[in-house]
Amino acid sequence: MFTIAIDMMGSDNGPAALAEGIKRYLKEKPDTKVLLFGDKAELKPLFADVEKSRYEIEPTDTVIPMEIKPLEFLRARTSSMYQAILAVKEGKADGVLTAGSTGGFVTGATILLRNIEGVDRAALCTPFPTKKLNVPAVVLDVGANNYNTAEEVYQFALMGRIYHQAVFGSENPSLYLLSNGTEEGKGTEEVVGAYKLLKENKVPGFKGNVEARDALDGTHDILVTPGYAGNIFLKATEGMGKNMNDLIKEAFKHNFFTKIGYLFAHKGFAKMKETMNYRQYGGAILLGINGLAVKAHGNSDPLAFYCALKVVDRMIEKQVVKKVKEAFASASENHD
């Protein structure tokens with residue numbers, strides 16, 4: 001049996017939406033318990049129909065704002081996010097999940113759990129839907145950092161490879177740098193530098209650069225990028241997916257004949273919608289820290305948060321944090 005600490009406050013849709021996702025998850029996982037951090041008066045009625053042995057409510061009285069500086073986070077000890085992360089540090093929980101401030105979560109997890117020895121910067125890593133059903137592309141960093149060095153991007157590649165092998169059971173996943181051209185030498189200074197390091201160190205599976213238009217065709221297993229560009233890629237992709245869905249709906253509502261056409265085509269579009277639904281991937285794991293920390297979408301609905309809990313579940317099962325520690329410890333020994 002394992003325990004997940006959950007920051008219930010700070011999401012766009014409030015605790016009620018998160019609670020529905022949690023209850024669905026608990027029904028499927030009888031060997032899991034959750035520690036809920038937040039306003040007890042607000043949370044207690046939401047879990048009145050859940051067996052008391054399956055959850056605990058840890059009352060907190062503040063919420064981490066969207067933007068927070070490290071010193072301010074350290075002062076926010078009574079916040080739901082701080083206490084949820086602290087539960088992992090103190091061994092009360094096997095992992096932590098939040099749909100609150102990304103900046104606050106990265107800051108807090110880094111301060112309280114600290115980077116794995118040998119890791120310069122942590123990275124948010126998440127699968128992306130591709131045009132091939134059930135063949136996601138793993139992308140990192142998608143927003144833990146605004147600026148990265150070539151060495152940090154190189155380390156993201158190593159962690160992404162460990163993640164892909166652990167979670168998807170791949171022996172030698174293909175690895176690409178997200179850039180503005182496929183040729184060697186294309187990209188920003190840190191991307192060009194990371195390319196050189198990956199090539200010189202003969203990292204298995206490294207195939208070079210890939211442009212964003214080809215990145216999600218189902219043939220690129222791992223996409224590595226500095227956090228600023230990765231976050232833009234994440235949000236642009238999600239936005240485009242939503243726009244395409246809205247445009248298709250409007251097209252079929254145009255007249256009687258288009259509505260008839262939908263009757264013949266709806267199965268195909270339903271499959272496409274399922275394939276491109278980013279909510280099924282739930283959240284991003286913060287790779288490179290001494291503890292399991294997962295960030296769910298800020299606007300998570302019950303389905304998205306349920307899927308985020310499944311991410312935490314799988315990361316615990318696959319021992320991803322342990323495997324990153326072992327890999328970097330081994331690399332340090334070899335270097336010495």
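**Ground rules.** I am working with a predicted model, where local features need pLDDT of at least 70, side-chain atom pairs count only at pLDDT 80 or more, and totals for chains, interfaces and linings use all residues. Residues are numbered from 1 along each chain as its sequence is written, and side-chain values use heavy atoms, with hydrogens and water left out.

**Whole chain.** I looked up 11 helices and 11 strands; these are DSSP runs numbered from the N terminus, helices being H or I with at least four residues and strands E with at least two. Of the 336 residues, 51% are buried, meaning under 20% relative accessible area with a 1.4 Å probe and protein chains only. I also checked contacts (heavy atoms within 4.5 Å). Among those between residues at least 6 apart in sequence, 69% join residues at least 24 apart.

**α1 and α10.** How do α1 (residues 14-28) and α10 (residues 302-318) pack, by angle and axis distance? I find an angle of about 50° and axes 7 Å apart. That makes α1 oblique to α10, since angles under 35 degrees count as roughly parallel, over 145 as roughly antiparallel, 65 to 115 as roughly perpendicular and the rest as oblique. For the record, axes are lines fitted to C-alpha atoms over the stretch in contact, and angles run from 0 to 180 degrees between N-to-C directions. The crossing of α1 past α10 is right-handed, that is, the near helix is turned clockwise from the far one by less than a right angle. The contact includes Ala 17, Leu 18 and Arg 24 of α1, with Phe 305, Tyr 306 and Asp 313 among the residues of α10. Its residues divide into nine nonpolar, one polar and five charged. Here Ala, Val, Leu, Ile, Met, Phe, Trp, Tyr, Cys and Pro count as nonpolar, Asp, Glu, Lys and Arg as charged, and the others, Gly among them, as polar.

**α4 and α5.** Next I took α4 (residues 80-89) and α5 (residues 102-113), which pack at about 35° with axes 10 Å apart. α4 also passes α5 in a right-handed crossing. Among the contributors are Met 81, Ile 85 and Lys 89 of α4 and Phe 105, Gly 108 and Leu 112 of α5. I noted nine nonpolar, two polar and one charged residue in this contact.

**Asn 145.** Is Asn 145 buried or exposed? At 8% relative accessibility, Asn 145 counts as buried. I located Asn 145 in the loop between β6 (137-140) and α6 (150-168). Its side chain reaches the backbone oxygen of Ala 122 at 3.1 Å. Leaving out residues up to four places away in sequence, Asn 145 touches Arg 121, Ala 122, Phe 156, Gly 227 and Tyr 228.

How values were computed: Buried < 20%, exposed > 50% of the residue type's maximum accessible area, 1.4 Å probe, protein only. Polar contact = N/O pair within 3.5 Å; in protein donor to acceptor, adjacent residues only side chain to side chain.
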